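Student: I've never looked at this one before. Could you walk me through it with a few questions and answers?

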Amino acid sequence: MFKASSIVLVQNPEQQEGNENLSWYVLQLQEDIEFAETTLKGILKSVNRLIQKAEKQQPNNLMKLLAESRGFEGVEKFESHHVPPLVAEEYLNCWSLSLVTLTSIAMSLPNIQKNKVDWLVSGVSEGLVYVKLVEKTLNATDNHVSIQKAAETLWVEVEVYHKWLGNKLPKPKPKVNTLGHILQWLRDTAKNKANEVESKNDNFKYRSICANLMYRITETILLSYHGNNDEISQEELFALLSSMIADILAACLTNLPQVIAMKCHENAIEKREASVRAAAQLLGETTHIINSLQVRELPSLNPDELAFIDKWRAYLSDPFP
């Protein structure tokens, strides 16, 4: 269980009148300097104003998308462990690339109303702002950073140009418009991209990372329906993809309290004030999200493992090893 109120950046100045030592609640810019009480109250008011202002900047599209999530099932279900990778090097997964790839698949469905696709893209776009903060703060290992950079580059292409590795989404004027053919086209395109990069070595790692995950996800979907893909509608698949995306976002954003807390403990004195202000801004923007997720039961993982999607997937697939 966690909630926004458990993250104490500052206390309401009006509630502090009887507190003789306000220094426990504020940022010390230098270790050997003690502020006067009036100065401390001024800092408290300043940061509280920042939080209150940020509370008016809620990511509404993201919150509507998160409302589609009922649990964390989608974190495990979107990609099967039984689908082998396309390339010899097995890449780690990350929150952002999974979200971008699933959104790309949703955008490839031509029968979905434009306003629904736009809603999904807007929600994911708002969500990726916070997902990137989680990744940058909590899982910035070298192996993860390369995957995260691939996701960031790919998202620009997907969101701005409605393309996936140069291919228009949805495919213009396809000869066959069935769901099975759409998924097969994405899968085969990913396979071809992987073969291209292996032979030409053009942006090898970026294209290889993106193609590998697209292949694994589309093949997982194709296998899950045992070849009967045309028996479900594009609307049903869009709803399923939206739910998976919402589950992944929800799981990732359970790490926001830890991100905020870490920003409050910046060691470098010259960066500390800016870091705490950034934490206050983040807390204000995401208070409703944090509180909406507080009722969720999290996996029995170590706190530092909760920042990694692969740790979630391993636990959800086998919670009692």
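**Getting our bearings**

Student: With 32% relative accessibility, does aspartate 188 count as buried, exposed or partly exposed?
Tutor: Buried means under 20% relative accessible area, exposed means over 50%, and partly exposed is in between (1.4 Å probe, protein chains only). At 32%, aspartate 188 therefore counts as partly exposed.

Student: What kind of model is this, anyway?
Tutor: Residues are numbered from 1 along each chain as its sequence is written, and side-chain values use heavy atoms, with hydrogens and water left out. Local features need pLDDT of at least 70, side-chain atom pairs count only at pLDDT 80 or more, and totals for chains, interfaces and linings use all residues, since the model is predicted.

**Salt bridges**

Student: How many salt bridges turn up in the whole structure?
Tutor: The thing to look for is a side-chain nitrogen of Lys or Arg within 4 Å of a carboxyl oxygen of Asp or Glu. One of them joins arginine 187 to aspartate 188, at 3.1 Å from N to O. Searching the whole structure, the count of salt bridges comes to six.

Student: Which residue forms a salt bridge with arginine 187 at 3.2 Å?
Tutor: Here the closest N and O atoms are 3.2 Å apart, and the partner of arginine 187 is glutamate 219. The pair links distant parts of the chain, 32 residues apart: arginine 187 is in helix H7 (residues 179–200) and its partner in helix H8. Helices here are DSSP runs (H or I, at least four residues; strands are E, at least two), numbered from the N terminus.

Student: What angle do H6 and H8 make where they pack?
Tutor: Residues in contact (heavy atoms within 4.5 Å) include Ser146 and Ile147 in H6 with Lys205 and Tyr206 in H8. Axes are lines fitted to C-alpha atoms, for helices over the stretch in contact, and angles run from 0 to 180 degrees between N-to-C directions. The axes of H6 and helix H8 (residues 204–224) are 9 Å apart, at an angle of about 80°.

Student: Which residues does threonine 101 touch?
Tutor: Threonine 101 lies in helix H4. Its relative accessible area is 0%, so it's buried. Leaving out residues up to four places away in sequence, threonine 101 touches Leu213, Met214 and Ile217.

Student: How far apart in space are leucine 237 and isoleucine 105?
Tutor: Leucine 237 is in helix H9 (residues 234–253). With a relative accessible area of 0%, leucine 237 is buried. Leucine 237 and isoleucine 105 are 132 residues apart in sequence, but the C-alpha to C-alpha distance is 9.6 Å.

Student: Is tyrosine 161 buried or exposed?
Tutor: Tyrosine 161 belongs to helix H6 (residues 142–161). Its relative accessibility is 54%, so tyrosine 161 counts as exposed.
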